[in-house]
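Me: I've got this one open on my screen and want to talk it through. Can you take a look with me?
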Amino acid sequence: AAIVASCSQNDDIIPKDDLKDTPITVTAGVAELTTRAGYEGTSVLPTTFYLGIDQTGTSYDYPNVLMTKATDANTYTPESPLLWAGGTDKVSVTAATFSLVGAQALEVQADQSKADGVKNSDHLLMATTEVTPSANGISVDFSHIMSKVILTITLGDEFNQAENPISNVTFKGTLASRNYDRTAETPWSNISGVTATDITPLCNAYTAPATDTPNATAEYEVILVPQAVAADGFTVTFNVG
């Protein structure tokens, strides 16, 4: 009788969930970095971003936690502790380089002539994704949500020079700031009173004339807010010589 009772009690034992109440580690990555200038080495990762985790049980939900990158590693420290609710149920994870709460005014820099201007204009998002809890933590995979324009100028023979003769390149006719609501069917909307802003692009490269390429070329890159521009409203101006 004692043996039977003992076996019956063992059948009721619930295995321990080794992940419950353990800290969640977080790393990050950015898709298609080659499509953006100004990214080199560890600078490809945002220094801060906001993380949202929806788990079973409201005490383990983290809707908008600021994450800060370690100086020399791909690890992020939360402003408050993040713990797994358990290791059996999948969780929903969202992340962005801007707050996850409500509509946010996202803007691009007017001066993007330096790499930092491009990077600071390049807002990132990981849309809500199902993640399986793991001792390895969460890997946030960001995507770009802004628009990019590449301008390539091919110069005539009269401008065959060793140094770039082009100056004052300016993109005109676009709004530098719009509201973004990641949960809306149409996420982008205009902000009242915001007008078009002149934007200076980054010069990616200048190729001087050579035997096999007799014409010099210059390439420029600019990050813009996604938007519809009226006909004849978008222009690029520059000086040569």
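This is a predicted model: local features need pLDDT of at least 70, side-chain atom pairs count only at pLDDT 80 or more; totals for chains, interfaces and linings use all residues.
Me: How many aromatic pairs does the structure hold?
Reply: Five aromatic pairs. Rings of Phe, Tyr and Trp (its six-membered ring) pair if their centres lie within 6.5 Å; planes under 30 degrees apart count as stacked, over 60 as edge-to-face and the rest as tilted.
Me: And how are the rings of Phe49 and Phe142 placed?
Reply: Their centres are 5.2 Å apart and their planes stand at 80°, so the pair is edge-to-face. Phe49 sits in strand 2 (residues 48-54) and Phe142 in strand 8 (residues 138-144), so this pair links distant parts of the chain, 93 residues apart. Helices (H or I, at least four residues) and strands (E, at least two) are DSSP runs, numbered from the N terminus.
Me: Ok. Is Phe49 buried or exposed?
Reply: Phe49 is buried, at a relative accessible area of 0%. Phe142 counts as buried too, at 1%. Buried means under 20% relative accessible area, exposed over 50%, partly exposed in between (1.4 Å probe, protein chains only).
Me: Which residues do ring pairs link into a cluster?
Reply: Phe49, Tyr76 and Phe142.
Me: What about Phe98 and Tyr180, how is that pair arranged?
Reply: Phe98 and Tyr180 are edge-to-face, with 5.7 Å centre to centre and 80° between the planes. Phe98 lies in the loop between strand 5 (91-96) and strand 6 (104-107), and Tyr180 is in strand 11 (residues 177-180), so the pair ties together parts that are 82 residues apart in sequence. Phe98 counts as buried at 6% relative accessibility, and Tyr180 does at 7%.
Me: What is the bridge partner of Tyr180 in strand 12?
Reply: Trp188. Strand 11 and strand 12 pair in the antiparallel sense over two bridges. Two strands pair if DSSP finds at least two bridges between them.
Me: What order do the strands take in that sheet?
Reply: The order is 6-11-12, an open sheet of three strands with antiparallel pairing. Strand 6 and strand 12 (188-189) are the edge strands, each pairing on one side only.
Me: How many bridges join strand 9 to strand 15?
Reply: Eight, and the two strands run antiparallel. Val149 has Val222 in strand 15 as its bridge partner. On the other pairing, strand 14 and strand 15 (residues 217-224) share five bridges, also in the antiparallel sense. There, Thr207 stands opposite Thr217, and Leu202 is opposite Glu221.
Me: Is strand 15 mostly covered or mostly open?
Reply: Mostly covered, since six of its eight residues are buried.
Me: Now Thr170, where is that one?
Reply: Thr170 is in strand 10 (residues 166-175). Thr170 is buried, with a relative accessible area of 14%.
Me: What does the side chain of Thr170 reach?
Reply: The backbone oxygen of Asn168, at 3.3 Å.
Me: Which residues does Thr170 touch, not counting those up to four places away in sequence?
Reply: Asp198, Ile199, Pro201, Thr235, Val236 and Thr237. Contact means heavy atoms within 4.5 Å.
Me: Last bit, the whole chain. How many helices and strands?
Reply: The protein chain has two helices and 16 strands. Of its 241 residues, 34% count as buried. Among contacts between residues at least 6 apart in sequence, 71% join residues at least 24 apart.

Terms used
Residues are numbered from 1 along each chain as its sequence is written. Side-chain values use heavy atoms; hydrogens and water are left out. A polar contact is a pair of N or O atoms within 3.5 Å; within protein, one must be able to donate a hydrogen and the other to accept it, and residues adjacent in sequence count only if both atoms are side-chain atoms.
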